[in-house]
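Let's take a walk through a protein model together. Have the sequence and the picture ready, and follow along one stop at a time.

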Amino acid sequence: FFQKTLAAVKSWFTLFGWSKGQNPISIPHSLRRDRCIVQLTVAPEKNFKRKVDKDKCFYDMLLHLSGQQIPGIAASQSLSPDPVERVFQLHWQHSELLSFLKSQGAYLSHVMPEFLLTPEDYEIWTEVNAGLRVGSMRSSGKLSGRRIFVLENRAFETMSKRAWTDVLLQIYKVFVLPRISSRIFPDPLSLESLQNMPGIKSEPLCSNIYSRYERTILVWLNKNYEKNRQIVWKDSQRGGIPPMRWIVNFDQDLLDGLVLAALMTSYCPYLINTHFIKMYTDPRTHEQFLHNSLILVKALHTINLDIDIKV
């Protein structure tokens with residue numbers, strides 16, 4: 001499950017996280033590199049030119065998605081050449097990042113700033129805190145009273161990957177999902193069948209699984225499926241018109257491809273005769289589910305919506 005989540009997060013942020021098109025990322029490696037922490041580490045001089053546009057950094061992505069700069073972190077700043085000073089600089093930046101995200105509603109109390117460091121920097125950080133290495137910032141008292149977790153190399157890599165994944169998921173939750181509005185429904189779609197269907201409430205506390213923004217998407221799926229199922233498959237030779245259904249989740253209820261096909265029909269009705277009419281409307285075997293998924297992915301490619309969804 002975690003690997004599937006990681007792949008989905010990596011895919012989405014690669015495709016949609018950047019202001020200037022796609023930018024492949026790896027979690028956590030490309031996010032915790034020095035160049036991804038600060039945009040410019042050396043003052044510009046004649047004999048030093050950095051390709052800033054191509055050296056896309058994590059904070060560029062965060063600015064693009066949130067529209068906000070993190071207080072206290074400048075667009076360009078230098079890192080100390082001293083390893084210990086540099087590590088504590090990065091640790092402070094990660095602390096500011098987590099505080100900023102928490103202030104926006106992110107749940108990241110389980111993520112420590114040191115988990116976002118590279119393994120080499122984490123080793124320096126633990127050595128300083130254990131008294132095995134002298135660092136001038138250790139005497140400042142900034143870390144006094146905090147519990148220190150010391151992890152082995154393998155455990156740290158696992159923790160760092162999980163921490164960066166959770167940071168990205170929370171960024172998506174607080175900056176991307178809130179863009180969804182109930183105004184995506186320009187008309188009430190007053191269908192008799194919808195009036196008989198149990199509603200999905202939008203109140204914040206009515207679900208401990210989905211946010212109100214995700215529930216808005218579920219309402220959108222329900223309305224489009226009920227509106228289009230009799231239109232798309234009225235002449236179906238592979239099961240007839242599919243029955244009415246109540247869509248309440250994003251996994252089981254979407255497995256057969258029919259809901260997404262009905263949704264795409266609202267925007268691309270020309271796909272009915274070329275693609276969706278060939279789908280099984282009551283799939284029961286693995287082969288039939290695979291058949292529907294193949295048609296759905298081919299339809300996405302037909303409209304040039306290539307978001308790397310595997311069948």
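The protein chain has eleven helices and zero strands, so called because helices (H or I, at least four residues) and strands (E, at least two) are DSSP runs, numbered from the N terminus. Read from the N terminus on, the elements go α-α-α-α-α-α-α-α-α-α-α. A word on what you're looking at: this is a predicted model, where local features need pLDDT of at least 70 and side-chain atom pairs count only at pLDDT 80 or more, while totals for chains, interfaces and linings use all residues. Residues are numbered from 1 along each chain as its sequence is written, and side-chain values use heavy atoms, with hydrogens and water left out.

How much of the chain is buried? Of its 311 residues, 41% are buried; that word means under 20% relative accessible area, with exposed meaning over 50% and partly exposed in between (1.4 Å probe, protein chains only). The protein chain exposes about 18,000 Å², and carbon and sulfur atoms supply 55% of that (areas come from the Shrake-Rupley method with a 1.4 Å probe; for residues, only the protein chains shown count as cover). Now take the contacts (heavy atoms within 4.5 Å) with a separation of 6 or more: 65% of them involve residues 24 or more positions apart.

Time to look inside. A nonpolar core is a set of buried Ala, Val, Leu, Ile, Met, Phe, Trp, Tyr and Cys residues joined through side-chain atoms within 4.5 Å. The largest one here has 33 residues, and Phe-58, Leu-62, Leu-101, Leu-168 and Ile-171 have the most contacts inside it. At least two residues of this core come from each of helix H1 (2-16), helix H3 (58-66), helix H4 (83-103) and helix H6 (153-176). H6 gives the most, with eight residues. Zoom in on Leu-168: leaving out residues up to four places away in sequence, Leu-168 touches Val-9, Phe-13, Ile-25, Ile-27, Leu-31, Phe-58 and Met-61. Apart from this core lies another, of 26 residues, including Leu-218, Ile-247, Ala-262 and Leu-263.

Next, the rings. A search of the whole structure finds nine aromatic pairs. Rings of Phe, Tyr and Trp (its six-membered ring) pair if their centres lie within 6.5 Å; planes under 30 degrees apart count as stacked, over 60 as edge-to-face and the rest as tilted. Tyr-122 and Trp-125 are stacked, because their ring centres are 6.3 Å apart and their planes are at 20°. Both sit in helix H5 (residues 119-129), three residues apart, about one turn of the helix. Why does that spacing matter for direction? An α-helix has 3.6 residues a turn, so residues three or four places apart point the same way. Tyr-122 is buried at 4% relative accessibility, and Trp-125 is buried at 0%.

Tyr-210 and Phe-250 make an edge-to-face pair, 5.1 Å centre to centre with 80° between the planes. This pair links distant parts of the chain, 40 residues apart: Tyr-210 is in the loop between helix H7 (192-195) and helix H8 (212-232), and Phe-250 is in the loop between H8 and helix H9 (258-267). Tyr-210 is buried at 18%, whereas Phe-250 counts as partly exposed at 30%. Elsewhere, Trp-12, Phe-13, Phe-16 and Tyr-172 form one aromatic cluster.
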